[in-house]
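Welcome! Have a look at the structure below, and then we will walk through a few of its features together.

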Amino acid sequence: MARKIFEEIEEIPERDDDALDVLKRRLVVVSVIVMIFTALIIARLWYLQIDHGDDYKDLAFNNRVRIRQVAAPRGHILDRNGKEIVTNRPSFNVVLVREDSQNLEDVLKRLAGVLHEDTSELWKRIRDASGTAPHIPIVLKEDISWDTLAYLENHNQDFSGIRIAVVPVRIYHYGDLASHLIGYLGIINKKELAEADPEKYTGEDLIGKMGLEKLRENDLRGQKGSSSSEVNARGFEQKLLKNEEPTPGKEIRLTLDVDLQQVAESMMDQEDRAGAVVATEVNTGRVLVAASAPKIHLDDFTGGISTENWNALLANPKHPLINKVVQGQYPPGSTYKIVTALAALATGTVTESTIFNCPGHFQFGNRVYMCWRHSGHGAVDIRRAITESCDVYFYQAGIKMGVDTLADFARKLGLGQKTGIEMEHEKSGLIPTREWKLKQYKQKWQDGETVSVAIGQGYDLATPLQINMMTATVANGGKVFLPQIVEAVHESDGRSTDQFHPKLIRELTGMGKYMAIVREGLVGVVNGDRGTARAARIDGIAVAGKTGSAQVVKLAQYKGMKEEDIPYKYRDHAWFTCYAPADDPEIAVTVLVEHGLHGGSEAAPIAKAILMKYFETRLQAMAKEKEDRKNAKPAAPVTPGTAARP
Amino acid sequence: MFRLDRRLFANFDWILLLLLLLICGMAFFSLYSATYPPKPQGMPLYLKQCYLLLIGFCGYIFLISFDYQELHSWNYPMYVLILLLLVVAFFLGKSAGGAQRWINLGFMKLQPSEPAKLMLVITLASYYSRNEVIDGYSLKDLGIPIILTAIPFVFIMMQPDLGTALMLGVIFVSMTVFVKIRLSTYAILGCCAGAVGAFGWLRLLKPYQKQRIETFFNPENDPMGHGYQILQSKIAVGSGEMFGKGYMKGTQGHLHFLPERHTDFAFSVWGEEWGFVGSVFFLSIYFFMLLWGLNVAMTSRDRFGMLLAYGIVMLIFWQAVINLMMILGFLPVVGIPLPLFSYGGSSLLTTLLGMGILMNIRMRRFQTSCAKE
């Protein structure tokens, strides 16, 4: 049947229509055109999907996956007893997400009222961030109060596009305690970013800018976490793809003792003193106190210091930006007599019985060098020379030894070189030699200069930490330790990675008996009737130390002037360095008060306050014992005869 | 009317229907993915598409039931009706703030500009077949076709719907060039087109329309605007790579990076989920159907059937080419759908009706005109 129909169809004659044939030929051309376009489109598909498929796949991935970094909580900083010095707290920032925002103008007006800010200030922040993607939050206000937070959370429907971002910020439990040592954080700058590991840091990260925050950045920082979420075109997160918890930073436990540090700083803060206080453990090198005055205010630095504050710091005549513990270089003054005395004894220049006469002045060449006591000390041996700080004795000892011998001993005791403590920009001080002068000034050393150097003046320069380490070395019988401030570094899981070990740098041998003689002199300084640091005397604990006054300028016009009339910046620096207990030393304390004039009256009481605190429990125990004894024998009369024995 | 003799059944082109059904099937699957998850309120779009297909195929059957020669007599009444609809849509649009191009019929929103395209094809085919000029049309001969094109063109321009209006121009040019016009007429028409184009750019185009064209040439000037749409479309297609991300697994579409992902950019979803292989498969069937359509034209029994079939194929072809070139980053964003594949009731119905006419011509290729009597 079908065949038949077909045959019937075949029978129908072709219309011999020329015009139709023309159109048919055109249809062939059109078919070719259609095929060309098909080929073109398929070629384009090949280009997009096969040739550049990988590129577009990456683009699609970046489109849909938003990787958010989660900052690791920064490590805490504790003192030796586990007291928290620096930890973190959550800070609540008000942020604007532009892509979610509606009626921005009204919202900002309301927000400005809540935040007590000017609307223009909020607009300024938004303008500053223009050019970033609209889903990136713009911080409008940092660290709002709980009340403000509660209000915004309760009225969030009135604040479209406004969100609260929680950011950990540093909290300083003791205010600016040890501010130079701790340091502060700031937004990473371009230079730091260029040097940093790009895996770890991004443009808005905080980084340690000073002090331990900077030096221990790698420990404190921890490992960022990240969460990858799939987002839609509007930036809303659809589902979590991957989540890596951040690893908190390591906890750093310092050798510092917050209580002692507080005593030191409060003493320095009295009368707005400038200078430095250092206390170390004599037998380990642990630093207990490292205070530089005036302090800096860490809060001024968080979030970038204002130009105004910065200029004020630069202009301050007391140089608060300098960590005077290691960056302040001062003439050691009479504290240097410890070096001269040791050198003189060790080289045999003097013995413990050698006596020099002090008429109050010393003539060398055609110059006369004065003793601080113009009336003179008379005949002095080495112990008395130390105790009473007789200049003339050390002039003569120094001249006999020569500058290079002196310098040799000074260096052995740690002067003229960096101690290697974990602090920034440590200065090495200066201990002159003949060679040094020739190199530095292209001049021959004058023996007259040795006279000054022998009593810690002239070219001599030392940092408070160096003087402290020298004191500790004399106290412990010749061991030079590396001063350290980190007791331990704890991983977040509690394991300790970096435990404190005392590091002995060198040991001075064969000096034991000479040091003993010097120590006897130092005991006299505090405890002798004519000692220069009687202000540091503590009942029950024998303190040994040495005072010093470091001349800042030698200007004739101030000679004979009353001390209080000399302008502040030309007054002598006051030194006091000591250790205690004298018979079994544990702690060495060094105090430098800039332009404090007299070590005995200005610096010694500060050291005493620290020692009192350090020995507090022992002193209390002694007082209690005494009390008990008194109570046990209430009737025992004190005979005047025994008490008055000379 | 249903005087179908057996010859009609015997001449039914199953391949043409199969190709059409394949394309509609792929479109349906892709639509389901592109609109997943369905909006909570209202009828899901894939379900709507089912009803539209149903209506469309009813129209398809209706259109094969009578000899296409009847269209000669229906032509002008239909033309006027469509013009009326365009006017109604225009005034409704005016009252709705200028964004509306449709007439709400309750079950669907009718965009009269879509059937207007098919109407123009029928009108021009009818005119050119009735007024045959052997040695090419002169400008004078083209007066009426130009006017017939210009009236709906102006209405659609005023909506404003630049893409559809230009489509009318493309149909006019395709069909007029096909029936052969005189060389001198080419020159004059060319000059006129240039002048109109320049005038249109300066005076008629809305700023957003200009911006779309400018954006195409400088996409980086407008990363979140239309350049963004094209970029996202390229990312979607490109990231499909060889075998695609898998059905319902396209990220660009499902995460809303793709704009208009079930309408104008529907093919991007397909390209992303089925990759190069799937895209080539689709395009092969699609363009094979068009070539088959040209074959219908070639074998049609008379000039009207040939022009009509050719015009319908061109109507689908040019829309498809423009849409695909836009999706693949060759053209700026113009609101032209991929016929049969992009979601949109008016476009789908119009195209199915066109395919019905095509089948009609195919089925009656061996009947002489007198068979009508």
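Ser334(A) is buried, as its relative accessible area is 12% (buried means under 20% relative accessible area, exposed over 50%, partly exposed in between, with a 1.4 Å probe and protein chains only). This is a predicted model, in which local features need pLDDT of at least 70 and side-chain atom pairs count only at pLDDT 80 or more, while totals for chains, interfaces and linings use all residues. Residues are numbered from 1 along each chain as its sequence is written, chains are lettered from A and ligands numbered from 1 in the order in which they are written, and side-chain values use heavy atoms, with hydrogens and water left out.

**Around Ser334(A)**

- Ser334(A) sits in the loop between α14 (324-327) and α15 (337-346) of chain A; helices (H or I, at least four residues) and strands (E, at least two) are DSSP runs, numbered from the N terminus.
- Leaving aside neighbours within four places in sequence, the residues in contact with Ser334(A) include Ser389(A), Asp391(A) and Lys546(A), where contact means heavy atoms within 4.5 Å.

**Salt bridges in chain A**

- Over all chains, a search of the whole structure finds 42 salt bridges, each a side-chain nitrogen of Lys or Arg within 4 Å of a carboxyl oxygen of Asp or Glu.
- Lys141(A) and Glu117(A) form one of these, at 3.1 Å from N to O.
- Lys141(A) lies in strand β4 (residues 138-141) and Glu117(A) in the loop between α4 (104-115) and α5 (119-128), so this pair ties together parts of chain A that are 24 residues apart in sequence.
- Arg384(A) and Glu388(A) form a salt bridge too, their closest N and O atoms being 2.8 Å apart.
- Both Arg384(A) and Glu388(A) belong to helix α16 (residues 382-388) of chain A, four residues apart, about one turn of the helix.
- Glu388(A) is buried at 4% relative accessible area, whereas Arg384(A) is partly exposed at 25%.

**Where chains A and B meet**

- Here, 42 residues of chain A are in contact with 55 residues of chain B.
- The count between chain A and chain B is one salt bridge: the side chains of Lys57(A) and Glu241(B) meet at 3.1 Å, N to O.
- On the side of chain A that touches chain B, α1 (2-11), α2 (18-51), α3 (53-64) and β8 (225-231) each supply at least two residues.
- The largest share of that side, 23 residues, comes from α2(A).
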